[in-house]
Amino acid sequence: LVCPLYLDPVCTCPQGITFGDFLITDQQMPLMTGLEFLESQTKRGCGCVSNKAIISANLTTAEIDKAKKLGCKIFGKPFNIDELTHWLDEREKHIPKNRKLVDFEGHP
């Protein structure tokens with residue numbers, strides 16, 4: 001799924017609504033970097049996903065610091081699928097069982 005904020009800088013999502021449990025992005029994307037996307041989400045109050053990860057082959061020290069401030073797990077390229085799976089499994093244990101997700105597809 002693609003977050004509407006990636007395609008349009010105006011966020012129309014209701015604040016405080018959870019659309020997913022994980023957000024994994026690559027640093028290199030066509031319209032913006034992964035960090036720019038995550039910063040944009042944070043600035044617009046779209047930080048509903050607490051389990052964020054960024055994948056990159058060459059983050060600078062400043063970008064690593066920025067990713068950490070945004071609460072991101074960093075995976076280098078080439079990444080180890082077992083490491084990613086382990087991170088997903090561990091983070092899943094902290095997701096409240098009674099949380100409700102909103103249907104992202106039906107949202108404007």
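**Reading a Predicted Protein Model**

Student: Which residues make up the largest nonpolar core?

Tutor: The general idea is that nonpolar side chains tend to be buried together in soluble globular proteins. In this structure, which is a predicted model, the largest nonpolar core has eleven residues: Leu 23, Met 32, Leu 35, Phe 37, Leu 38, Val 49, Ile 54, Leu 59, Ala 67, Leu 70 and Cys 72. Helix α2 supplies the largest share of this core, namely three residues. A second, separate core has five residues, among them Ala 53, Ile 55, Leu 84 and Trp 87.

Student: Which residues does Ala 67 touch, not counting residues up to four places away in sequence?

Tutor: With those sequence neighbours left out, Ala 67 touches Leu 35, Ile 54, Cys 72 and Ile 74.

Student: How many helices and strands does the protein chain have, and in what order do the elements run?

Tutor: There are four helices and three strands in the protein chain. Read from the N terminus, the order is α-β-α-β-α-β-α.

Student: What share of the contacts in the protein chain with a separation of 6 or more comes from residues 24 or more positions apart?

Tutor: Such residues account for 66% of those contacts. As for burial, 32% of the 108 residues in the protein chain are buried. The chain exposes about 7000 Å², of which carbon and sulfur atoms supply 55%.

Student: Which side chain meets that of Glu 39 in a salt bridge?

Tutor: The partner is Lys 66, at 3.6 Å, N to O. This pair links distant parts of the chain, with Glu 39 in helix α2 and Lys 66 in helix α3, 27 residues apart. Glu 39 is partly exposed, with a relative accessible area of 23%, and Lys 66 is partly exposed at 35%. A further salt bridge joins Lys 93 and Glu 90, whose closest N and O atoms are 2.9 Å apart. Here Lys 93 counts as exposed at 58% relative accessibility, whereas Glu 90 counts as partly exposed at 31%.

Student: Is the peptide bond from Lys 77 to Pro 78 cis or trans?

Tutor: As a general idea, most peptide bonds are trans. The bond from Lys 77 to Pro 78, however, is cis, with omega near -5 degrees. Pro 78 lies in the loop between β3 and α4 and counts as exposed because its relative accessibility is 80%. Its C-alpha atom is separated by 8.3 Å from that of Ser 56, which is 22 residues away along the chain.

Student: How many aromatic pairs does the structure hold?

Tutor: It holds two. To read such a pair, one considers the ring centres and the angle between the planes, where an angle over 60 degrees counts as edge-to-face. The rings of Phe 22 and Trp 87 have centres 5.8 Å apart and planes at 70 degrees, so this pair is edge-to-face. Phe 22 is in strand β1 and Trp 87 in helix α4, 65 residues apart. Phe 22 is partly exposed, with a relative accessible area of 29%, while Trp 87 is buried at 11%. The rings of Phe 75 and Trp 87 also have centres 5.8 Å apart, and their planes stand at 75 degrees, so this pair is edge-to-face. Phe 75 lies in strand β3 and is buried, with a relative accessible area of 1%.

Student: Is Asn 51 buried or exposed?

Tutor: Asn 51, in strand β2, counts as buried because its relative accessibility is 4%, under the cut-off of 20%. Its side chain reaches the backbone oxygen of Asp 21 at 2.9 Å. A polar contact of 2.9 Å also joins the side chains of Asn 51 and Arg 91. Beyond residues up to four places away in sequence, the residues that Asn 51 touches include Phe 22, Leu 23, Trp 87 and Ile 95.

Definitions and conventions:
Residues numbered from 1 in each chain as written. Heavy atoms only, no water. Helix = DSSP H or I, 4+ residues; strand = E, 2+ residues; numbered from the N terminus. Buried < 20%, exposed > 50% of the residue type's maximum accessible area, 1.4 Å probe, protein only. Polar contact = N/O pair within 3.5 Å; in protein donor to acceptor, adjacent residues only side chain to side chain. Contact = heavy atoms within 4.5 Å. Salt bridge = Lys/Arg side-chain N within 4 Å of Asp/Glu carboxyl O. Areas by Shrake-Rupley, 256 points an atom, 1.4 Å probe, with all protein chains shown as cover. Core = buried A, V, L, I, M, F, W, Y, C linked by side-chain atoms within 4.5 Å. Phe/Tyr/Trp six-rings, centres within 6.5 Å; stacked < 30°, edge-to-face > 60°.
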